[in-house]
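Hello,

Here is the structure I promised to pass on to you. Please open it alongside this note, and I will walk you through what turned up.

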Amino acid sequence: MAAPDRKRRHKAQYVQGPAVKRGRAGAPRQLEPGMQGILITCNMNERKCVGEAYSLLGEYGEQLYGPEKFSDQDDKLSGSEEEEDDVEAALKKEINQIRTSTEQKLRRFQSVESGANNVVFIRTLGIEPEKLVHHILKDMHTTKKKKTRVILRMLPISGTCKAFLEDMKKYTETFFEPWFKAPNKGTFQIVYKARNNSHMSREEVIKELAGIVGSLNPENKVDLNNPEYTIVVEIIKNVCCLSVVKDYVLFRKYNLQEVVKTNKDEGQQNLSSVTEEESSKEIKSAEDSNELKSGDRSQGEEESKLNEHDLQQV
């Protein structure tokens with residue numbers, strides 16, 4: 001008997017589109033809209049940066065929110081289910097165990113792929129990123145105790161949306177309300193950074209977001225020197241990361257290396273800069289002086305040659 005003629009389905013029919021990368025416990029492994037977390041920049045060593053971030057965030061996270069807890073689930077079945085030795089009961093038990101395992105493995109801090117080099121994104125659950133990062137920087141600014149080697153800046157991200165202007169406008173109309181909607185008000189600035197994205201215009205984004213802040217309360221004013229609030233806009237690929245932070249100038253743009261420097265360090269750095277500038281001026285002055293001397297010598301030689309020529313004619 002001849003085998004039935006089966007139509008082979010084309011491979012494309014099975015493809016449903018790009019899937020979001022997910023970890024072992026079902027949590028996303030890459031930055032995507034809807035996440036909260038902390039965006040961290042580093043200097044060429046992302047793996048060590050993640051280790052430092054876990055250590056630092058764990059330390060201060062416990063101070064603010066207490067130790068991280070995991071619910072203890074009883075894996076045993078109830079008495080009635082133990083008596084039911086059938087496939088349905090066993091399947092139900094397995095599904096419940098998988099669901100429980102997934103819930104337990106969603107940690108307070110979890111590193112995900114940011115989509116840019118030298119940038120780490122730590123997804124957070126059950127905490128306020130702005131409150132935690134401000135607490136870290138305030139302590140480091142007060143104690144001047146350096147706690148990291150490769151972490152540069154640490155920016156809280158309280159909201160994320162798609163990095164398209166219309167999506168950003170719609171999202172920020174409600175996102176900005178806790179800080180800028182009347183009766184709330186304050187001075188502000190907007191700092192913008194885009195990575196691996198070429199379709200967004202910096203000027204257009206800043207103009208639109210500033211307009212939204214003004215529409216929430218006309219008393220909100222721009223201050224580029226020492227604003228009360230700084231709106232952080234970080235775009236990576238097609239994801240826009242947003243936050244509104246305090247003390248951005250005081251905490252050196254949320255730079256962990258700069259915030260621990262003392263006035264003495266700053267004075268030495270400024271003195272070094274002045275010394276280098278003065279040295280370069282002295283070198284330039286000496287070079288100019290040598291050029292003048294060389295020019296005078298050449299001019300003297302030319303005049304001497306002319307005098308000899310005149311004497312020969314006489």
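Let me begin with helix 5, whose buried residues are Leu 165, Met 168, Thr 172 and Phe 175. Looking down the axis of helix 5, you will see these residues fall within an arc of 90°, so they line one face of the helix. On the face turned away from that buried side, helix 5 carries the exposed residues Glu 166, Lys 170 and Thr 174. The cover over the buried residues includes strand 5, helix 6 (177-180), helix 7, strand 8 and strand 9. Please keep in mind that this is a predicted model.

Now for the sheet beside that helix. In it, 5 strands form an open sheet with mixed pairing, in the order 5-9-8-6-7. Strand 5 (159-162) and strand 7 stand at the edges with a single partner strand each, so one side of each has no neighbour in the sheet. Helix 5 (residues 165-175) packs on this sheet and touches strand 5, strand 8 and strand 9, and its direction makes about 155° with that of strand 5.

Strand 8 (residues 229-236) and strand 9 (residues 239-245) are antiparallel and share 7 bridges. Thr 230 has Val 245 of strand 9 as its bridge partner, and Val 233 stands opposite Leu 242 in strand 9. The hairpin made by strand 8 and strand 9 has 2 residues between the strands, and Lys 237 there takes a positive phi near 55°. Strand 5 also runs antiparallel to strand 9, joined to it by 4 bridges; here Gly 159 has Leu 242 of strand 9 as its bridge partner.

How many residues of strand 9 are buried? The count is 7 of the 7, so strand 9 is largely enclosed by the rest of the structure. Val 239, Cys 241, Ser 243 and Val 245 point one way from strand 9, while Cys 240, Leu 242 and Val 244 point the other way, and all are buried.

Asn 220 sits in the loop between helix 7 (202-216) and strand 7 (221-222). Is Asn 220 buried or exposed? With a relative accessible area of 6%, Asn 220 is buried. Setting aside neighbours within four places in sequence, Asn 220 is in contact with Phe 180, Asn 184, Lys 185, Gly 186, Phe 188 and Val 213.

On to the other sheet, where 4 strands form an open, antiparallel arrangement in the order 2-3-1-4. Strand 2 and strand 4 are at its edges, each with a single partner strand, so one side of each is left without a neighbour in the sheet. From one strand to the next, the twist averages 25°. Strand 2 and strand 3 pair in the antiparallel sense over 4 bridges, and Val 112 stands opposite Phe 121 in strand 3. Helix 1 packs on the sheet, in touch with strand 1, strand 2, strand 3 and strand 4, and its direction makes about 35° with that of strand 3. Helix 4 lies across strand 1, strand 2, strand 3 and strand 4, running at about 150° to strand 4.

Gly 37 has Ile 157 of strand 4 as its bridge partner. Strand 4 is mostly covered, with 5 of its 7 residues buried.

Next, the nonpolar cores. The largest has 41 residues, and those with the most contacts inside it are Ile 40, Leu 57, Phe 121, Leu 132, Ile 136, Met 154 and Tyr 254. Among the elements that give two or more residues to this core are strand 1 (37-42), helix 4 (129-143), strand 8 and strand 9. Helix 1 supplies the largest share of this core, 6 residues. A second, separate core of 25 residues includes Phe 175, Ile 190, Ile 235 and Val 244.

Finally, the overall picture. The protein chain holds 8 helices and 9 strands, and 32% of its 314 residues count as buried. Of the contacts in the protein chain with a separation of 6 or more, 76% are between residues 24 or more positions apart. The protein chain exposes about 20900 Å², and carbon and sulfur atoms supply 48% of that area.

Best wishes

Key: Residues are numbered from 1 along each chain as its sequence is written. This is a predicted model: local features need pLDDT of at least 70, side-chain atom pairs count only at pLDDT 80 or more; totals for chains, interfaces and linings use all residues. Side-chain values use heavy atoms; hydrogens and water are left out. Buried means under 20% relative accessible area, exposed over 50%, partly exposed in between (1.4 Å probe, protein chains only). Contact means heavy atoms within 4.5 Å. Two strands pair if DSSP finds at least two bridges between them. Axes are lines fitted to C-alpha atoms, for helices over the stretch in contact, and angles run from 0 to 180 degrees between N-to-C directions. Accessible areas come from the Shrake-Rupley method with a 1.4 Å probe; for residues, only the protein chains shown count as cover. The arc is that of the directions from the helix axis to the C-beta atoms. A nonpolar core is a set of buried Ala, Val, Leu, Ile, Met, Phe, Trp, Tyr and Cys residues joined through side-chain atoms within 4.5 Å.
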